[in-house]
Structure formats: structure tokens, C-alpha cells
Amino acid sequence: MVVTHTLGAASSSTSPIKTKKNRRKIVRKKSGTVNPLPSDPSSSSLSHKGGEDEEIILEPLNHATDRHAPTRQTIADDDDDELMIDADPTSSLVSTDAPVFPPVAPGVEKTTLRSETRRIPIPPHRMTPLKKDWLHIFGPLTEILGLQVRMNVQRRCVEIRTSRHTKDIGGLQKGADFIKAYALGFDVNDAIALLRLDDLYLDSFEIKDVKTLHGDHLSRAIGRIAGQDGKTKFTIENTSRTRIVLADTKIHIMGAYQNIKIARDALVSLILGSPPGKVYAGLRTVSSRMKQRAL
């Protein structure tokens with residue numbers, strides 16, 4: 001805001017304020033002498049004497065008394081908008097020193113975390129086979145994975161936990177999958193493949209998930225999946241390189257991801273009513289493609 005002070009009758013040739021930045025004011029008078037404006041506007045009035053026309057330069061007003069004058073903080077804030085600072089990584093303000101840790105001594109063993117435990121429930125119809133095959137189940141878990149195993153008879157579940165001999169961080173999950181596969185009905189030799197290979201999975205679904213069947217229709221669907229003397233199931237297993245367990249209305253598949261998909265598509269076609277001959281033809285096409293990819 002520009003403050004203009006009129007002293008007497010100004011002539012028509014009064015010049016405007018020249019320097020707006022430092023708020024310097026120029027006033028022309030007909031005659032007389034004009035004293036400069038005091039720093040305090042509330043002080044005594046200006047005195048003026050007659051004389052020739054004269055150009056008077058008024059000093060800027062004091063910021064302490066001028067309420068409309070911009071403060072230093074306001075000017076600094078306006079300058080910050082146009083100021084861009086690039087952090088120099090070589091400057092002393094930016095620390096580029098990373099913490100350096102000494103190497104671990106070769107004779108010092110790694111500290112093991114606290115042991116983790118898993119409980120795998122065993123169905124009642126698998127308790128008798130578990131007793132017969134307990135040595136074949138107990139051995140791989142302790143020798144291959146280094147786990148601690150025990151049978152909890154009251155809870156009817158197998159408990160496994162890690163120990164200081166466990167080397168693989170995923171050994172506990174592999175052991176749980178191994179026991180779960182045996183509990184679902186897979187053979188021990190087939191379930192051991194889960195411990196030795198990393199790309200094997202388990203997939204389970206029910207017939208009612210594909211199509212709702214009741215009575216004789218459900219029995220015929222199960223018969224189409226199994227085939228005469230189990231030939232259809234064996235053909236699907238050998239073609240897709242999987243293992244299939246048909247437990248009443250539940251179907252469990254063990255194998256690689258792509259192989260599980262091939263076997264599941266064949267089983268779904270049988271459940272929906274496709275004849276076994278048509279399913280065989282589709283499996284031959286898939287097996288020939290798999291052989292070409294292998295070559």
C-alpha cells in the first residue's frame with residue numbers, strides 16, 4: 001500500500017512515485033522547504049517555508065510503525081517458493097556412510113529361533129494303516145528334514161516340531177504336507193515325493209462342487225471315474241503323471257501344477273457325463289503334446 005502525503009497545493013506537474021521497491025517518494029512543491037517525514041506518523045506535523053520549486057526525496061517509512069509494510073518473514077516465504085535446492089550427495093550435510101558389521105566367525109553357529117509345532121489330525125479309518133507304516137513315516141521326517149515327531153494318541157494327531165538339526169526353513173511345512181497326504185489316503189512311497197521335490201502340490205475337491213448329483217446318478221459318476229477294476233483312474237494317473245485318491249465323493253490329486261490341471265479336467269468331464277472313450281482320446285492328445293514339449 002502506497003502512502004501519499006499532500007503538502008499545500010500541489011501543481012499539475014506532480015511526478016508519481018518512482019521506486020516502488022524501497023518505497024521512496026518524490027514530492028514537488030511550489031515554494032518553501034519541507035522537512036522529511038518523521039518515523040512516527042503520530043509525531044508533530046510538517047513545517048514548510050516558502051521558496052523555489054524543489055524536488056524532495058522522502059526516506060522509506062519505518063517498518064515497525066507501518067502496519068501495511070511486509071515483514072521479513074513474509075518476504076522470506078515468498079522467496080522460498082522460487083528457491084529450489086538440490087541435495088548434493090557429496091556435501092557434508094548428507095551422510096552416505098553405511099553401517100559396517102564385522103563378518104561372522106566361521107566357527108560360530110547360527111542362533112536358531114524358537115521351535116515351531118504343527119499338529120496334523122488323522123482320520124479314524126487311517127489310524128490302523130498309520131500304525132503299520134509308522135517306521136516309514138517316522139524315518140524320512142527325522143532323517144531328511146531333521147524334525148522331531150510324536151504321535152498324540154489322545155488327540156489322534158501327529159505332532160511335529162523343529163529342532164537344532166532342522167536345516168531347511170520350509171522343512172516344517174514339507175513334513176506337514178507329507179503327513180497330510182498320507183492321512184488323505186496316498187501311499188507312503190508317493191507321499192515321500194513331497195519331501196524330495198519342491199514343485200508337488202495337493203488338490204482336493206468334491207463331486208458336488210462340479211455337479212449336484214444324488215442317488216444312482218452319483219454312484220454312476222463315481223463308477224465312471226474309477227472305471228472297471230480302476231482302469232480309468234490308472235490311465236488318468238499315468239497320462240497326467242499324477243496320483244489320484246477317490247474317497248467316496250471326495251477326490252484328491254497330487255502332482256505338479258500343470259499335471260493337476262490335466263487330471264482335474266479329465267475327472268470333471270467324467271463327472272459331467274462324458275464317456276470314458278472320449279476322455280481317453282483327449283488324454284492321448286495331451287500326452288503327445290507333453291512328449292513334444294519334453295523333446
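By partly exposed I mean a relative accessible area between the 20% under which a residue is buried and the 50% over which it is exposed. The model is a predicted one. On that scale Arg 156, at 44% relative accessibility, is partly exposed. Arg 156 lies in the loop that links β4, residues 148-152, to β5, residues 157-161. Its phi is positive, near 55 degrees, and Arg 156 is not a glycine.

Asp 229 sits in the loop between α8, residues 216-226, and α9. Its relative accessible area is 66%, so Asp 229 is exposed.

That brings us to α9 itself, residues 231-240. Buried in this helix are Thr 232, Lys 233, Ile 236, Glu 237, Thr 239 and Ser 240. After the helix comes Arg 241, with a positive phi near 60 degrees.

Now the packing. Two packed helices are described by the angle between their axes and the distance between those axes. For α9 and α10, the latter spanning residues 257-271, the angle is about 155 degrees and the axes are 9 Å apart. The two helices are therefore roughly antiparallel, since the cut-off for that term is over 145 degrees. Their crossing is right-handed.

Which residues of α9 meet α10? They are Thr 232, Ile 236 and Ser 240. On the α10 side the contact involves Asn 259, Ile 262, Ala 263, Ala 266, Leu 267 and Leu 270. By class, this contact has 6 nonpolar residues, 3 polar and no charged ones.

Definitions and conventions:
Residues are numbered from 1 along each chain as its sequence is written. This is a predicted model: local features need pLDDT of at least 70, side-chain atom pairs count only at pLDDT 80 or more; totals for chains, interfaces and linings use all residues. Side-chain values use heavy atoms; hydrogens and water are left out. Buried means under 20% relative accessible area, exposed over 50%, partly exposed in between (1.4 Å probe, protein chains only). Helices (H or I, at least four residues) and strands (E, at least two) are DSSP runs, numbered from the N terminus. Axes are lines fitted to C-alpha atoms, for helices over the stretch in contact, and angles run from 0 to 180 degrees between N-to-C directions. Angles under 35 degrees count as roughly parallel, over 145 as roughly antiparallel, 65 to 115 as roughly perpendicular and the rest as oblique. A crossing is left-handed if the near helix is turned anticlockwise from the far one by less than a right angle, and right-handed if clockwise. Contact means heavy atoms within 4.5 Å. Ala, Val, Leu, Ile, Met, Phe, Trp, Tyr, Cys and Pro count as nonpolar, Asp, Glu, Lys and Arg as charged, and the others, Gly among them, as polar.
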